[in-house]
Amino acid sequence: MFSGSITALITPMDEHGSIDYNGLKKLVEYHVEAGTDAIVAVGTTGESATVTVEEHVNIVLKTLEFSDGRIPVIAGAGANATHEAVAFAKMFTDTGVAGCLSVTPYYNKPTQEGLFQHFKAISESTDLPQILYNVPGRTAVDLLPETVARLAEFNNIVGIKDATGDVSRVGKTRELCGDKFVQLSGDDFTGLDFVEAGGHGVISVTNNIAAAEMAKMMKLALSGQFEEARIINNRLMPLHKKLFVEANPIPVKWAARELGLIDCGVMRLPMTELSEPERPVVLQALKESGLL
């Protein structure tokens with residue numbers, strides 16, 4: 001359940017910024033039908049920073065309800081305060097989620113020891129499998145492989161989502177943590193290279209709008225058919241690049257609306273909809289990738 005093409009699911013909202021649960025159900029069906037391997041509900045792409053705690057938990061539970069056991073659901077459960085991340089882990093225990101994805105504490109810039117103690121506290125608060133999430137470009141802190149190795153000694157810390165774009169870390173982390181420690185790319189642009197280097201899959205933004213293509217590509221890659229996988233990846237490369245012309249998830253929500261996957265591209269402040277100058281850029285990427 002922690003391999004292949006996993007979607008970093010967007011959270012649909014209506015024109016007033018309220019959670020669109022009918023839209024959420026539609027997205028879950030889209031991923032089930034497309035063959036997506038798992039869903040991350042309310043990760044950072046799911047706007048965890050701007051939904052309330054009550055909404056956060058409810059979106060995860062609704063995603064579980066809509067999936068109805070047909071696709072594993074991983075709960076986004078990170079926070080920049082350890083007690084909040086621990087509270088999320090406890091709330092999701094015994095709900096049926098497959099595990100939790102926990103981002104490194106953002107803004108605080110803790111030391112490596114601080115990061116270790118943060119994830120140690122989360123691990124000790126629940127039996128749920130925990131996936132670490134390292135994305136220095138958004139958090140201003142880098143969870144180093146040596147610290148990951150210390151954390152991998154906890155039985156329920158089972159893997160990492162690495163969004164550094166540094167493919168060389170795959171080998172380093174495998175050397176320190178062993179083959180069973182799950183490594184998932186968090187960077188679509190280098191995701192296929194990450195798997196070719198020994199990674200287990202990708203937690204993807206592109207997957208939100210090209211789910212079947214991403215699922216097929218990952219299945220090919222994980223079976224060693226990299227030449228065939230790269231043909232698909234090359235076709236999707238405009239999306240891997242242009243879905244980040246503005247801060248994620250701004251472009252992908254706009255693209256999802258253009259494709260009819262959601263009814264509205266609204267986000268809560270301080271996030272705003274895709275700016276007018278960038279809309280033709282994303283539209284062209286959709287066309288080049290064969291989605292329009």
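Guide: Let us begin with handedness: α10 and α12 cross in a left-handed manner, a crossing being left-handed if the near helix is turned anticlockwise from the far one by less than a right angle, and right-handed if clockwise. This is a predicted model, in which local features need pLDDT of at least 70 and side-chain atom pairs count only at pLDDT 80 or more, while totals for chains, interfaces and linings use all residues. Residues are numbered from 1 along each chain as its sequence is written, and side-chain values use heavy atoms, with hydrogens and water left out.

Visitor: Which residues of α10 and α12 make the contact?

Guide: From α10 come R235, P238, L239 and K242, and from α12 come V281, V282, A285, L286 and E288, where contact means heavy atoms within 4.5 Å. By class this gives six nonpolar, no polar and three charged residues; Ala, Val, Leu, Ile, Met, Phe, Trp, Tyr, Cys and Pro count as nonpolar, Asp, Glu, Lys and Arg as charged, and the others, Gly among them, as polar.

Visitor: At what angle do the axes of α10 and α12 cross?

Guide: Axes are lines fitted to C-alpha atoms, for helices over the stretch in contact, and angles run from 0 to 180 degrees between N-to-C directions. Helix α10 (residues 226–242) and helix α12 (residues 279–288) have axes that come within 7 Å and cross at roughly 160°, which makes α10 roughly antiparallel to α12. The cut-offs are under 35 degrees for roughly parallel, over 145 for roughly antiparallel, 65 to 115 for roughly perpendicular, and oblique for the rest. The helices (H or I, at least four residues) and strands (E, at least two) are DSSP runs, numbered from the N terminus.

Visitor: How do α3 and α4 pack?

Guide: Their axes lie 9 Å apart at an angle of about 25°, and α3 is therefore roughly parallel to α4. The crossing of α3 and α4 is right-handed, and the contact is made by T82, A85, V86 and A89 of α3 with H118, A121 and I122 of α4. By class, the contact of α3 with α4 has five nonpolar, two polar and no charged residues.

Visitor: How is a pocket found, and what volume does the largest pocket have?

Guide: Rolling a probe the size of a water molecule over the atoms shows where empty space is left. Here, on a 1 Å grid over the protein atoms alone, a pocket is an open set of points where a 1.4 Å probe fits, with protein on both sides within 12 Å along at least five of seven lines, and lining residues have an atom within 4 Å of a point. The largest pocket has a volume of about 910 Å³, a volume being the space filled by probe spheres set on the points, which are joined across faces, edges and corners. Of its 46 lining residues, T44, T45, Y133, V135 and R138 are the closest to its centre. The lining of the largest pocket divides into 23 nonpolar, 16 polar and seven charged residues, and α5 gives the most to it, with four residues.
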